[in-house]
Amino acid sequence: MASRLVLVIGDLHIPDRALDIPAKFKKLLTPGKIGQTLCLGNLTDKATYEYLRSIAPDLKIVKGRFDAEATSLPLSQVVTHGSLRIGFLEGFTMVAPNEMDLMVAEANKLDVDVLCWGGTHRFDAYDYENKFFVNPGSATGAFTTGWVGEDEQMVPSFCLMDVQGIGLTLYVYQLRKDANGVESVNVEKITWTKQVGSS
């Protein structure tokens, strides 16, 4: 049986802003465990593309604002897993990607239950208006050209989705450093189920 796991990853910026995907992440992202990859743009190099394809040959990519040479990539895509339609885009095409009502409008425009977006380099996930929104952050922890809070560090992160019927379980992987600078992978589990029959 093929894996139901969907890798949601983006904002890699290799080699422009980061050297590589962290080794601790690469140990987790091995071929044969993931059924499909949704890349939310800013891939920026061929070697990383080949690496992602080796993890899961079913690789879907959208254009990020820094994917200058990838002129044929679509700005958004929609896939179906279980009974859920999942849309994904980089985020630069949206007017205000952190305004919840505008996010719902984008999800409605794509006619999706789940909307994955990138571009901020920060993990985020929330349920709003019976839609689920996911930003996997930057898998490399690449710096952002957007607003950054004082003393804020970019935390490398990616997500795995396990979709079953009208529900999904999101596993969030973040590479954190403790007070001594020792890195470890933290995993958070978030579940979401689409409400049906409610008005």
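The side chains of aspartate 20 and lysine 26 meet in a salt bridge, with N and O 3.0 Å apart. The model is predicted. A search of the whole structure finds seven salt bridges. The search for aromatic pairs finds five.

- Aspartate 20 is partly exposed, at 38% relative accessible area.

**Salt bridges within helices**

- Glutamate 50 forms a salt bridge with lysine 46, and the closest N and O atoms are 3.0 Å apart.
- Both residues belong to helix α2, which covers residues 46–55. They sit four residues apart, about one turn of the helix.
- Glutamate 50 is partly exposed, with a relative accessible area of 38%. Lysine 46 is exposed, at 58%.
- Glutamate 106 and lysine 109 also meet in a salt bridge, at 3.5 Å from N to O.
- This pair lies in helix α3, residues 100–110. Here the spacing is three residues, again about one turn of the helix.
- Glutamate 106 counts as buried, because its relative accessibility is 12% and the cut-off for buried is under 20%.
- Lysine 109 is exposed, because its relative accessible area is 64% and exposed means over 50%.

**Aromatic pairs**

- A pair of aromatic rings is described by the distance of the centres and the angle of the planes.
- Tryptophan 117 and tyrosine 126 form an edge-to-face pair. Their centres are 6.3 Å apart, with 70° between the planes.
- The pair counts as edge-to-face because the angle is 70° and the cut-off is over 60 degrees.
- Tryptophan 117 is buried, with a relative accessible area of 1%. Tyrosine 126 is buried too, at 16%.
- Phenylalanine 158 and tyrosine 173 form a stacked pair. The distance is 4.8 Å centre to centre, and the planes are 5° apart.
- Phenylalanine 158 lies in strand β9 (residues 157–164) and tyrosine 173 in strand β10 (residues 167–177). The pair therefore ties together parts that are 15 residues apart in sequence.
- Phenylalanine 158 is buried, at 1% relative accessible area. Tyrosine 173 also counts as buried, at 14%.
- Ring pairs link Phe158 and Tyr173 with Phe25 into a cluster.

Notes. Residues numbered from 1 in each chain as written. Predicted model: local features only at pLDDT ≥ 70, side-chain atom pairs only at ≥ 80, totals over all residues. Heavy atoms only, no water. Phe/Tyr/Trp six-rings, centres within 6.5 Å; stacked < 30°, edge-to-face > 60°. Buried < 20%, exposed > 50% of the residue type's maximum accessible area, 1.4 Å probe, protein only. Helix = DSSP H or I, 4+ residues; strand = E, 2+ residues; numbered from the N terminus. Salt bridge = Lys/Arg side-chain N within 4 Å of Asp/Glu carboxyl O.
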